[in-house]
Amino acid sequence: MNGSGFTLTNLTKVYSSKKSDVLALDDISLAVPEGSFTALLGPSGCGKSTILRILADLESYSAGDVTIHGDSPAAIRKAHRLGLALQDPSLLPWRSVRDNIRLPGQVMRTSIPKKRIDDLITMVGLDGFADARPAQLSGGMRQRVAIARAIVAEPEILLLDEPFGALDEITRQRMNEELQKLWSATCATALLVTHSISEAAFLADRVIVMSPRPGRIVGDLTLDFPRPRRRDLLSTPEFHAICDQLSAMLHAGTDGSDDDDDLQSDGELASVATQEA
């Protein structure tokens, strides 16, 4: 371990309530090199989002250790060194698209050039909506604003929790290509949480496959497709072979699981624990 990238050591997370404890993550150890793009792939309830929220300093952990570029998640967050896009876009309803995207610069007290913001609005397909409020946008459009906001300040660390899940397939593929271009230009250390096998295979250098609760690593696959990756990669035999391999890992991790027919998302687990506490 050289202190760079993400390092999870024997990470464990338990959601506690008066009635019971739920083991969400069980002894996760993972080292991710600086500047790489890693995807966490697995079924709902496997702890993918919990790992991401711990790295973002939005969630505590019960045991183990976590470092990002040699620092704690709290230090990284306080230094404004990360970009974050969650499943819920969490836009400020009184702000326009442009002003929501500008927000990280204002928090950091750093001026972000207007051209940078306008270019991002074009990149995420929102030309003509720069002055619209979130209530005037569809769910997919709101998520695209959140993605633009996450990358506007060119963060060192980019954490993405199903950022394209609300988008139609054509837009999703285009956004995958654009995200790849931005990541390649900034050399951010990226972590993507996704349920999509093809999305993980297209974007990531490495895919970590997780089992249902309690979350454990059941697969670790390094991908060597050359970059930049273009849409025609999706139709190649090599790409389909990788997707088949990842699918086999997922099924091996879920077969025989007692929780497979009654999985809850990480957010639901946290909510239940909070309500019962």
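What is the relative accessible area of arginine 227, and is this residue buried or partly exposed? Arginine 227 has a relative accessible area of 28% and is therefore partly exposed.

## Overview

The model is predicted. Across the whole structure, a search finds 16 salt bridges.

## Arginine 227 and aspartate 205

The side chain of arginine 227 meets that of aspartate 205 in a salt bridge, with an N to O distance of 3.0 Å. Distant parts of the chain are linked by this pair: aspartate 205 sits in the loop between helix H7 (197-203) and strand E8 (206-210), arginine 227 in the loop between E9 and H8, and the two are 22 residues apart.

## Glutamate 177 and arginine 231

A salt bridge joins glutamate 177 to arginine 231, and their closest N and O atoms are 2.6 Å apart. Because glutamate 177 belongs to helix H6 (residues 169-186) and arginine 231 to the loop between strand E9 (217-222) and helix H8 (237-254), the pair ties together parts 54 residues apart in sequence.

Glutamate 177 counts as buried, at 13% relative accessibility, whereas arginine 231, at 37%, is partly exposed.

## Glutamate 59 and lysine 13

Glutamate 59 and lysine 13 form a salt bridge through their side chains (3.5 Å, N to O). Glutamate 59 lies in the loop between helix H1 (48-55) and strand E4 (63-68), and lysine 13 in strand E1 (residues 6-16), 46 residues apart. Both glutamate 59 and lysine 13 are buried.

Technical notes: Residues are numbered from 1 along each chain as its sequence is written. This is a predicted model: local features need pLDDT of at least 70, side-chain atom pairs count only at pLDDT 80 or more; totals for chains, interfaces and linings use all residues. Side-chain values use heavy atoms; hydrogens and water are left out. A salt bridge is a side-chain nitrogen of Lys or Arg within 4 Å of a carboxyl oxygen of Asp or Glu. Helices (H or I, at least four residues) and strands (E, at least two) are DSSP runs, numbered from the N terminus. Buried means under 20% relative accessible area, exposed over 50%, partly exposed in between (1.4 Å probe, protein chains only).
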